[in-house]
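Colleague: I have some questions about how the terms in this description were assigned. Please set each value against its definition.

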Amino acid sequence: MAERTDQHEVSAVGDTTLLRLVWVSRAAEPLSAQELDRIEERSRFHNEAAGITGLLIVQAPHFYGIMEGPGARLLARMEVIITDPRHCRVHILREEPATTRRFVNWRLFRLPGVASPRPDGPSSIDFIIDLSHRLG
Ligand SMILES: Cc1cc2nc3c(=O)[nH]c(=O)nc-3n(C[C@H](O)[C@H](O)[C@H](O)COP(=O)(O)O)c2cc1C
């Protein structure tokens with residue numbers, strides 16, 4: 001099951017405040033290309049309707065998400081996402097007010113999976129944390 005994080009539970013922001021969330025999770029089971037297509041299609045539909053922009057990186061078995069949008073609507077969508085049984089261990093790495101949007105649309109990027117992370121190279125989790133810091 002997906003986990004709620006403390007950071008998520010203590011959120012109290014107004015609907016008009018622009019908020020940015022950075023999160024990671026792990027696929028509960030390997031997802032087929034068709035299932036990813038479906039996630040992409042539903043995400044684009046709902047995110048556009050809610051004014052949410054950002055990205056979702058899929059690098060099996062991990063997902064890395066950055067989402068930005070009006071606070072209440074973003075958290076409402078995140079509520080749906082974290083309870084999605086197709087992934088688990090959802091951790092919100094950053095949750096912060098944003099002054100400007102860094103993404104124009106919401107996009108999904110599929111990266112080749114890594115069988116075993118390279119011990120000498122930056123892991124994807126470091127990459128997404130670094131990216132989120134550089135976004136400011
Ligand atoms: C890793 C992952 C990321 C997702 N990201 C989003 C998202 O950004 N926006 C969204 O609306 N749904 C996202 N979803 C899908 C939602 O959990 C949910 O299935 C979907 O919004 C339901 O849409 P429907 O009620 O129209 O079928 C994601 C699911 C997974 C597994």
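Colleague: What is the order of the strands in the open sheet, and how is the pairing described?

Modeller: The model is predicted, so local features need pLDDT of at least 70 and side-chain atom pairs count only at pLDDT 80 or more, while totals for chains, interfaces and linings use all residues. Residues are numbered from 1 along each chain as its sequence is written. Five strands form the open sheet in the order 4-1-3-2-5, with mixed pairing. Strands (E, at least two residues) and helices (H or I, at least four) are DSSP runs, numbered from the N terminus.

Colleague: What makes strand 1 a partner of strand 3?

Modeller: Nine bridges join these antiparallel strands, and W23 has G65 as its bridge partner in strand 3.

Colleague: Which strands does helix 3 lie across, and at what angle does it run to strand 3?

Modeller: Helix 3 lies across strand 1, strand 3 and strand 4, at about 155° to strand 3. Axes are lines fitted to C-alpha atoms, for helices over the stretch in contact, and angles run from 0 to 180 degrees between N-to-C directions. Contact means C-beta atoms, placed from the backbone, within 7 Å.

Colleague: Why is a set of residues called a nonpolar core, and which members touch the most others here?

Modeller: The set must consist of buried Ala, Val, Leu, Ile, Met, Phe, Trp, Tyr and Cys residues joined through C-beta atoms within 7 Å. Buried means that 20 or more other C-beta atoms lie within 10 Å of the residue's own, against 12 or fewer for exposed, with partly exposed in between. The largest core has 18 residues, and L21, V22, W23, M67, L74 and M78 touch the most other members. Strand 1 (18–27), strand 3, helix 3 (71–82) and strand 4 (87–97) each give two or more residues to this core.

Definitions and conventions:
Pairing = 2+ DSSP bridges. Contact = placed C-beta atoms within 7 Å.
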